[in-house]
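This report describes selected features of one protein chain. The sequence and structure are shown first, followed by the details.

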Amino acid sequence: MGTTSMAIRSFLLLLLFLSLANLTLSLYEDQVGLVDWHQQYIGKVKDAVFHTQKSGRKRVVVSTEENVIASLDLRHGEIFWRHVLGSNDVVDGIDIALGKYVITLSSEGSILRAWNLPDGQMVWQSFIDGSGASKSLLTVPTNLIVNKENLILVFGKGSLHAVSGIDGEVLWTKDFAAESLEVQHIIQPFGSEAIYVLGFVGSSQFDAYQINPKNGEILKHNSAALSGGYSGEAILASSDILVTLDASRSKLVVISFQDGELNLQQTSISDILGDSSGTPVLLSSKLPGMFSVKLNGGVTLIKVTVEAKLEVMDKISSVAAISDAIPLTEGQQAFALVQHGDGKIHLTVKLSHDLSGDLLKESIVMDNQRGMVHKVFINSYIRTDRSNGFRALIVMEDHSLLLLQQGAIVWSREDGLASIVDVLTSELPVEKEGVSVAKVEENLFEWLKGHLLKLKGTLMLASADDVAAIQERRLKSSEKSKLTRDHNGFRKLLIVLTRAGKLFALHTGYGQVVWSLLLPNLRKSECKFPTGLNIYQWQVPHHHAMDEDPSILIVGRCGQSSDAPGVLSIVDAYTGTEINSMDLVHSISQVIPLPFTDSTEQRLHLLIDGNQHAYLYPRTSEAIDIFQREFSNIYWYSVETKNGIIKGHVLKSNCIQEVVDNYCFESRDIWSIVFPSDSEKIIATVTRKPNEVVHTQAKVIAAEEDLMYKYISKNLLFVATVAPKGSGAIGTATPEESWLTVYLIDTVTGRILHRMTHHGAQGPVHAVFSENWVVYHYFNLRAHRYEMSVIEIYDQSRADNKDVWKLILGKHNLTSPISSYSRPEVVTKSQSYFFTYSVKAIDVTLTAKGITSKQLLIGTIGDQVLALDKRFLDPRRSVNPTPAEKEEGIIPLTDSLPIIPQSYVTHALRVEGLRGIVTVPAKLESTTLVFVYGVDLFFTQLAPSRTYDSLTDDFSYALLLITIVALIAAIFVTWILSEKKELREKWR
């Protein structure tokens, strides 16, 4: 029996080991992408160069407003390669040289680079020096051959530079800063022995220089006075004629500079275009022997004759964009123009010398949510019948990019997602009948089409398009991409607002676009320079009103200045339809979501204008009644960064205006903090997230057998200031000249709860505030390293609540209301650590109940996100922690924070141009959802304390079932053997 019992025990231990062996939580390479997704974008294209040689892959090289240089496949729109330059490294020009190099000029004309066209590797880089600021120009001659004598001409920093196209060596430099010349164009006419530099001195003189291309010497210099001044625009109509507008924009000035001799002729706009009101604008399109003038929405094409006379060639209404001319055959060039009408865009290609006929005329149905066409670039190819075909690259108002060919959209890219300015999350509908947008069943036709595709795939008859359609259907049918809620809260909508004023709803499953909306009230003609600002929750129906959809509030501005009038849009979060919009007469400098809702679950908001007047929305009688009841409990603060002032405000009374407005209120200042401008400059402010949940206010100090109470207040503000000399880039100040001072301020009373100075420290400062602690990142000039510091603040006024008898007898103050005016005694703990990387953004994980351990999410300079356990930033860490501290989880003190490669949330991926990190709690307490945005987008699920409340996706249920069955069998066998043993004992 002893052998049988031992065998049973061994068998049970083996089963237990096998059942636990599959519970590892490590992430393997093939698991990447199961709970995360990564999308790559380039931003709004501002320049494009086609490369469609017979040999090699056809591509288009683009530069964008996000400082991206990219090579795109013309067949599918995919990215061959790309480079995201720094935020200060703005691309000024792009071209292709020698048929194999992509030449880029950036950083205000100070950096010239050559990239290998096939793979994007940098070939050479040149730094351009100069003595002054100026316009940046790049000229790459089209007749370059491979030798060092052929030049790339660069104008930047007030100087003209000749650079070798082979190795980037600067061969000569000519400085024009002393002449105060505002250079407009640099040209080297085909076959000419001279380089022409054309520009203006002030607003009343035109200068033309002839330069020797071999050594940069001035061969000839001529000047001419402009009696009517200069408007700031100058267009090359041909290789020896320049066209500009005078200062009043009432006359066209034609400047001929053939052989360096200047000849000016002025023609009244009314003589050319007739009596037309409005302001004429010269379009920048390069057309041979012509130029275009836009006036009142129409475009007039004007030819410049050899005698510098002007002739109207054509007048076209409603032109959205005109392309540069491209060569076709010898002596012939063509250009494209795009018009809008009847929900379509009309693409027309014309010969430059003959506008009477059309080489191409196509109409393409276009989604109205893409807006107007902003730019068009064309490219020609030879059809099978030897005629010319054309493809057009279109840049839309929403920053999307499309390729048109043969009357259809070949591909499109949603590159507006590269410029996200704000993010909000929304729950999906509950999976039940009658919910407004949960339409997940396909109709009969779609069902049959899906099965036909599956059959073709099984029989290996599917084309490439069929395979793509099959993959798309699998994506839509999977659990992750359902448009309904899941019980764990993993499926949500990420609603993002882009710089173009467009909303996108992204599904957290795979990042697909559920709906998009180009905000109509930001597109009105009277709204100049529309700007999207922020998104806020407007209405979130609770479970008793699930038949209603949640809605969001979008706040925008019609203008670039802070005093420009604001606009509001209320949008259905499920469908993307605009419910309501308002054009405001006042500006918007601050939006304060109030913690009050009306009977329809609409949240009250205060909009503060530049005069510190507060406006209540929604403008309903119920809202004003709720607001009046809480009138005396509403406080807010404002930060004037430039003036170094922080002020606290309360409501005073209704506004005194000519027109009575019951929803407008005046405010008054109740406190202010003025930082002396000669010693401190505000560089960062951070508050707690309003939706953060704190699980417990008490913190047990096991090592000291003590209990401390966190100082939890939503009114705390973290402020960081630096010395004026330390406000520049790192290294511009010495340790003695720079210091960093941090404050914790109560925004209701203006009381400074904590102040600390880091001598020899400098910004930039990135900080995150959570519960009762704040973590901030800065640069230590003395140590020449980055640092991260933590401050924890505790409430000493509740220290007497540690007595158990007082708690039992009710003699405690735990239930007393917390007020900022009670002036509680607080105590702080702080610590500083070295950190390896520069930081772009920092955030903290959020969970549903606040029980799970916190992790800091740090966006590094390498465009990756590192998860760092908050325990590493515990101010109580010591070199030799006691056994009690070790049991509590205190980590031994080191001077640096660890960088664990496995802790990168983004794995080996990079979120190029990383700008922000957003964390959202899931319903599952162990899990938080993380969204990272920049030029790229990244989404993942994170479990800071492991998934202690759920089983992993790869958990083996079969092995668990086998284990249970084996245990039951072992129990049954043991019971039988035990019964037999007892029976034998009784027979003895």
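## The disulfide

Cys655 is buried, at a relative accessible area of 10%, and Cys664 is buried as well, at 0%. Here buried denotes under 20% relative accessible area, exposed over 50%, and partly exposed the range in between, with a 1.4 Å probe and protein chains only. The model is predicted: local features need pLDDT of at least 70, side-chain atom pairs count only at pLDDT 80 or more, and totals for chains, interfaces and linings use all residues. Residues are numbered from 1 along each chain as its sequence is written, and side-chain values use heavy atoms, with hydrogens and water left out.

Cys655 and Cys664 are joined in a disulfide with sulfur atoms 1.9 Å apart; the criterion is a pair of cysteine sulfur atoms within 2.5 Å. The structure holds one such disulfide. Its S-S torsion is about -70°, so the disulfide is left-handed.

## Helix α5

Helix α5 spans residues 621-629, and its buried residues include Ala623, Ile624, Ile626 and Phe627. Viewed down the axis of α5, the buried residues fall within an arc of 160°, so they line one face of the helix; the arc is that of the directions from the helix axis to the C-beta atoms. An α-helix has 3.6 residues a turn, so residues three or four places apart point the same way.

The face turned away from the buried side of α5 carries the exposed residues Ser621 and Arg629. Cover for the buried residues of α5 includes the strands β43 (590-597), β44 (603-608), β45 (614-617), β47 (645-654) and β48 (664-674). Helices (H or I, at least four residues) and strands (E, at least two) are DSSP runs, numbered from the N terminus.

## A nonpolar surface patch

Leu951, Tyr957, Leu960, Ile964 and Ile968 make a nonpolar surface patch of about 470 Å². Patch residues have over 30% relative accessible area and no salt bridge; like charges are joined within 9 Å and nonpolar side chains (Val, Leu, Ile, Met, Phe, Trp, Tyr) within 5 Å. A salt bridge is a side-chain nitrogen of Lys or Arg within 4 Å of a carboxyl oxygen of Asp or Glu. Ile964 lies in helix α8 (residues 957-987) and is partly exposed, with a relative accessible area of 40%.

## The protein overall

The protein has eight helices and 64 strands. Of its 988 residues, 50% count as buried.

Methods: Accessible areas come from the Shrake-Rupley method with a 1.4 Å probe; for residues, only the protein chains shown count as cover. Contact means heavy atoms within 4.5 Å.
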